[in-house]
Amino acid sequence: MWLDDWLDLAFGSACVGCGRAGRLLCPDCRETLPLAARPVRPEPCPDGLAPAFAAADYADPVRRMILLHKERRAFGLAGPLGQALALPVLAGLTPSARTVLVPVPSRPGVVRARGHDPMLRITRVAARTLRGGGADVLVSTLLRQRDVVADQAGLTATERAANLAGRMAARASRLRGLARSGVPLTVVVCDDVITTGSTAREAQRALEAVGLPVAAICCVAATRRRHLLPK
Ligand SMILES: [Zn+2]
């Protein structure tokens with residue numbers, strides 16, 4: 001763990017945007033983050049994928065922020081990342097309903113190895129941001145992921161879908177808690193990056209399997225597929 005602490009200190013000493021010594025994200029770079037809620041659609045799109053939205057393209061400095069937060073435990077970046085995630089959620093809020101943000105779960109083994117759950121932390125910041133604006137928003141860790149899913153990196157869209165099918169499930173205890181409230185619920189799946197949409201689609205499937213329709217999928221960033229295709 002000392003290595004993580006050292007890395008946190010090291011990366012805490014320079015801005016991820018411009019490299020200037022000081023904060024992880026200097027006020028100038030924070031100001032110029034290219035953030036706006038926009039609809040995204042993976043190409044090809046998984047059948048039946050709920051409407052998806054992202055705050056940014058998956059490009060630096062947002063890309064670096066996501067990776068440093070996730071892999072290097074640069075927790076200072078959870079604030080700006082969560083506020084970014086709040087943008088697409090805000091665009092789709094239903095005023096008459098309570099919005100439940102469901103972070104896409106990491107595998108338990110990955111959470112243990114990283115020592116934190118990056119998506120849960122970012123989603124909590126997004127919810128706090130929206131509640132600050134008066135919205136009725138809560139976070140529920142409704143989904144769990146089994147530990148057997150192979151790493152998604154390097155897989156094609158079809159391989160990802162096969163790898164993920166049936167690998168997420170809703171937690172019955174959380175579900176009962178939500179049902180007890182008796183308030184109409186809008187369920188939004190939250191993830192850091194949307195690429196093929198297969199992870200979000202699996203989260204959606206697991207929620208729909210217990211009778212929770214998914215209104216939207218909201219992400220911090222979306223990859224531009226054409227950059228991933230071989231030349
Ligand atoms: Zn900067």
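1. Let's start with His 69, which sits in helix H3 (helices are DSSP runs of H or I with at least four residues, strands are E runs of at least two, both numbered from the N terminus). His 69 counts as buried because it has 28 C-beta neighbours inside 10 Å; the cut-offs are 20 or more other C-beta atoms within 10 Å for buried, 12 or fewer for exposed, and partly exposed in between, with C-beta atoms placed from the backbone.

2. Some housekeeping: this is a predicted model, where local features need pLDDT of at least 70 and side-chain atom pairs count only at pLDDT 80 or more, while totals for chains, interfaces and linings use all residues. Residues are numbered from 1 along each chain as its sequence is written.

3. Who does His 69 touch? Leaving out residues up to four places away in sequence, the partners of His 69 are Ala 74, Leu 77, Ala 78, Leu 81 and Pro 118 (contact: backbone-placed C-beta atoms within 7 Å). Met 119 is 50 residues from His 69 along the chain, with 9.7 Å between their C-alpha atoms.

4. On to the helix pair. The axes of H3 (residues 62-71) and H4 (residues 78-91) come within 10 Å, crossing at roughly 120°; axes are lines fitted to C-alpha atoms, for helices over the stretch in contact, and angles run from 0 to 180 degrees between N-to-C directions. H3 and H4 are therefore oblique to each other (under 35 degrees is roughly parallel, over 145 roughly antiparallel, 65 to 115 roughly perpendicular, the rest oblique).

5. At that contact, Met 65, Ile 66 and His 69 of H3 meet Ala 78, Pro 80 and Leu 81 of H4. The residues involved split into five nonpolar, one polar and no charged (nonpolar: Ala, Val, Leu, Ile, Met, Phe, Trp, Tyr, Cys and Pro; charged: Asp, Glu, Lys and Arg; polar: the others, Gly among them).

6. Now the sheet: six strands form an open, mixed one in the order E1-E2-E8-E7-E3-E4 (strands pair if DSSP finds at least two bridges between them). E1 (38-40) and E4 (137-139) are at the edges with a single partner strand each, so one side of each has no neighbour in the sheet. From one strand to the next, the twist averages 35°.

7. Within the sheet, E3 (residues 98-103) and E7 (residues 185-194) run parallel and are joined by six bridges. Arg 98 has Leu 185 in E7 as its bridge partner.

Terms used. Contact = placed C-beta atoms within 7 Å.
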